[in-house]
Amino acid sequence: MYLPLHNVYEKRRVVRIPVSKLGFLTVLLPLLAFIICIILTMYKDFDKANNTHCNVPNIFPSISASIGNYEPQRTIWKTAIYIHAPIRFFIVYLRWKYYRDVILEHCIIVVNIAVSLNIVENLSLIGLTYWTSSLNYPYHEVCFKTFIGTSIFHMLLICILLTQHRRKSHTTHLERNSIKLKWRAFFINVVSFAIAAYFFLRHNRLCEPYVYSMFGFCEYIVVFSNISFHMTTVYDLKRRNVYLSIKGITFD
């Protein structure tokens, strides 16, 4: 007689959170922090941030200078990264479960490799945040190279798996759009990084005006394309939910 009332009581103590909102939050925090840091650096630390070893004029500061060399930018960036990191790793786990559901079984090893690369990518991002270029350049450089390498190979593997090794089940319109956006974000990321590397080497060799600014601008595109790739999680996990209750965390 009292069971229905008990079930109603239990349901009221369960919080349902759409995974798409969690995914959006994981990219929104670093994106907003990144934009704020760039704007603040250009507004209050323009001359110092754009100063290079050869004293040529520039207009766009590098990412390292914008997020790690000045306050309050350094605190804003670190706060955003540290707050969103646990959620980001949880999303990696949910994506891993999603890939295991939609990718052919004989490709599970490759799925695990891709997800492992994503985990290292996220750890490298934390390292980049903790070790700034101005205070701990050797560690910062290692984390940067690791972040770029793992990021590119993770994106490439996921794009190939979802395009060529997907199970023959129905693919939703959102999932098809997600695959297209992943490929576009991947190509933009690789091309912009290659161009950034070119401008960086050219600046160090020739010290031409505004070349370092072009390097910085290409860096921005690398960041935005990386964020865009991870934003597609909103499409992949659109119908998944996380449930919080006194009994723990569950999801469907």
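**A loop residue, a helix pair and the confidence**

Asp-45 sits in the loop that separates α2 (19-44) from α3 (46-49); helices here are DSSP runs of H or I with at least four residues, numbered from the N terminus. The model is predicted, so local features need pLDDT of at least 70 and side-chain atom pairs count only at pLDDT 80 or more, while totals for chains, interfaces and linings use all residues. Residues are numbered from 1 along each chain as its sequence is written, and side-chain values use heavy atoms, without hydrogens and water.

With a relative accessible area of 5%, Asp-45 is buried (under 20%, with a 1.4 Å probe and protein chains only). Its side chain makes a polar contact of 2.8 Å with that of Lys-44 and another of 3.4 Å with that of Lys-48. A polar contact is a pair of N or O atoms within 3.5 Å, one able to donate a hydrogen and the other to accept it; for residues adjacent in sequence, both must be side-chain atoms. Beyond four places in sequence, Asp-45 touches Leu-40, Tyr-70 and Gln-73 (heavy atoms within 4.5 Å).

Elsewhere, the axes of α7 (residues 137-164) and α9 (residues 211-231) come within 12 Å and cross at roughly 40°; the axes are lines fitted to C-alpha atoms over the stretch in contact, with angles from 0 to 180 degrees between N-to-C directions. On the α7 side, the contact includes Phe-147 and Met-155, and on the α9 side Val-222 and Phe-229.

As for confidence, the mean pLDDT (the predictor's confidence in each residue, from 0 to 100) is 88 for the protein, and 92% of its residues reach 70 or more. Over residues 1-6 the pLDDT is below 50. Where pLDDT is low, the predicted coordinates should not be read in detail.

Technical notes
Helix = DSSP H or I, 4+ residues; strand = E, 2+ residues; numbered from the N terminus. Buried < 20%, exposed > 50% of the residue type's maximum accessible area, 1.4 Å probe, protein only.
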